[in-house]
Amino acid sequence: MKNNILIVDDVHPIFMEQAEARGYQCDYRPTIKAEEALQIIGDYAGLVIRSKFLVTKQVFDIATSLRFVCRAGAGMDNIDEVYAIQKGVTLINAPEGNSDAVGEHAIGLLLSLMNNLNRGDAEIRAGKWDREGNRGHELKGKTVGIIGYGHMGHSFARKLSGFQVDVIAYDKYKTGFSDRYAREVSMEQIIKHSDVLSVHVPLTAETNGLVDDEYLFHFKKPIFFINTSRGKTAKVSAVLNAIKQGKIIGAGLDVLEVEKFPALTEQAWFDELRQSGKVILSPHVAGWTFDSYRKISEVMAEKLINLID
């Protein structure tokens, strides 16, 4: 069965419907354990994953019939991409499916931070009415710096277009990408001019720990910091240090270096993070909406067209 697909995580039913309409056979096992998957994966031409399943060198060596891996989302950091290329396995992801979700979530984090919405809500519920302590900042006239101008960075810039802000963007891997939503600049200009910094890069050896103490030290103005990419791109301790030093006014973090409990509670920085009134947290859901759940699966199924033989 050269067009059969093993699906080891939860995807929208539209993927199976559209894939089967294109000649594929889908084996949907969203609750399968990794060790169980390894026992049968050699019989499949395709593999569909989200984030819980690591596609390592071992997996590729066992999966002798594997021709493609679909990642239901944008990030590919749980796949050994270099070894996949060596083995001739095609990799598919679907950033087009959740870029709107990420852009909107980043906007939500930023507006909540700038207007103290979470803090104000909590104080009122606790019987405290403090107008002056919750005075906010306006976006209009600010400079928003974006690191990474792929699908996610572009989506965030597009969502900002009605706020009368100056959007500047830096991307190490592309040039000439200025458009109606953002202006291409150097990293030095990001550091010099940004009032807001938002990170939209994949996790790689180069981006791991990108936002650290040294990086934040060089910013010329206090900033609002948003991270909806991958947790390991920004060191939590560095963000907290910058908050204490007044370098970061507020941080909106959808992702953390370590995620989920109980591992999160074991981090040296966790107590300070959860007690900080200048940080808004969400549980890695920026790209995970009811809408993107379907759109991601539609994008993946569409990209299967050129693979069938």
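Analyst: Glycine 46 sits in strand E3, where strands (E, at least two residues) and helices (H or I, at least four) are DSSP runs numbered from the N terminus. This is a predicted model, in which local features need pLDDT of at least 70 and side-chain atom pairs count only at pLDDT 80 or more, while totals for chains, interfaces and linings use all residues. Residues are numbered from 1 along each chain as its sequence is written, and side-chain values use heavy atoms, with hydrogens and water left out.

Glycine 46 counts as buried because its relative accessibility is 0%; buried means under 20% relative accessible area, exposed over 50%, and partly exposed in between, with a 1.4 Å probe and protein chains only. Apart from neighbours within four places in sequence, glycine 46 is in contact with Asn4, Ile5, Leu6, Leu66 and Phe68, contact meaning heavy atoms within 4.5 Å. Leucine 91 is 45 residues away from glycine 46 in sequence, and the C-alpha to C-alpha distance between them is 10.0 Å.

The sheet around this residue is open and has five strands in the order E2-E1-E3-E4-E5, with parallel pairing; two strands pair if DSSP finds at least two bridges between them. Its edges are strand E2 (25–28) and strand E5 (90–92), each of which pairs on one side only. From one strand to the next the twist averages 20°, with axes as lines fitted to C-alpha atoms, for helices over the stretch in contact, and angles running from 0 to 180 degrees between N-to-C directions. Strand E4 (residues 68–71) runs parallel to E5 and is joined to it by three bridges. Phenylalanine 68, one of the contacts of glycine 46, stands opposite threonine 90 in E5. Helix H1 (residues 13–21) packs on this sheet and touches strand E1 (4–7), E2 and strand E3 (46–49), its direction making about 155° with that of E2.

A further open sheet has seven strands, ordered E8-E7-E6-E9-E10-E11-E12, and its pairing is parallel. Strand E8 (183–184) and strand E12 (279–281) each have a single partner strand, so one side of each lacks a neighbour in the sheet. E6 and E7 run parallel and are joined by five bridges, with isoleucine 146 opposite alanine 169 in E7. H7 packs on this sheet, where it touches E6, E7 and E9, and its direction makes about 165° with that of E6. In helix H7 (residues 151–160), the buried residues include Met152, Phe156 and Leu160. Their cover includes helix H5 (95–114), strand E6 (143–147), strand E7 (166–170) and strand E9 (196–199).

Serine 229 lies in the loop between strand E10 (223–227) and helix H10 (236–244), and it counts as buried because its relative accessibility is 7%. Its side chain makes a polar contact of 2.7 Å with that of asparagine 227, and another of 3.3 Å with that of threonine 233. A polar contact is a pair of N or O atoms within 3.5 Å; within protein, one must be able to donate a hydrogen and the other to accept it, and residues adjacent in sequence count only if both atoms are side-chain atoms.

As for the whole, the chain has 12 helices and 12 strands. Of its 309 residues, 48% count as buried.
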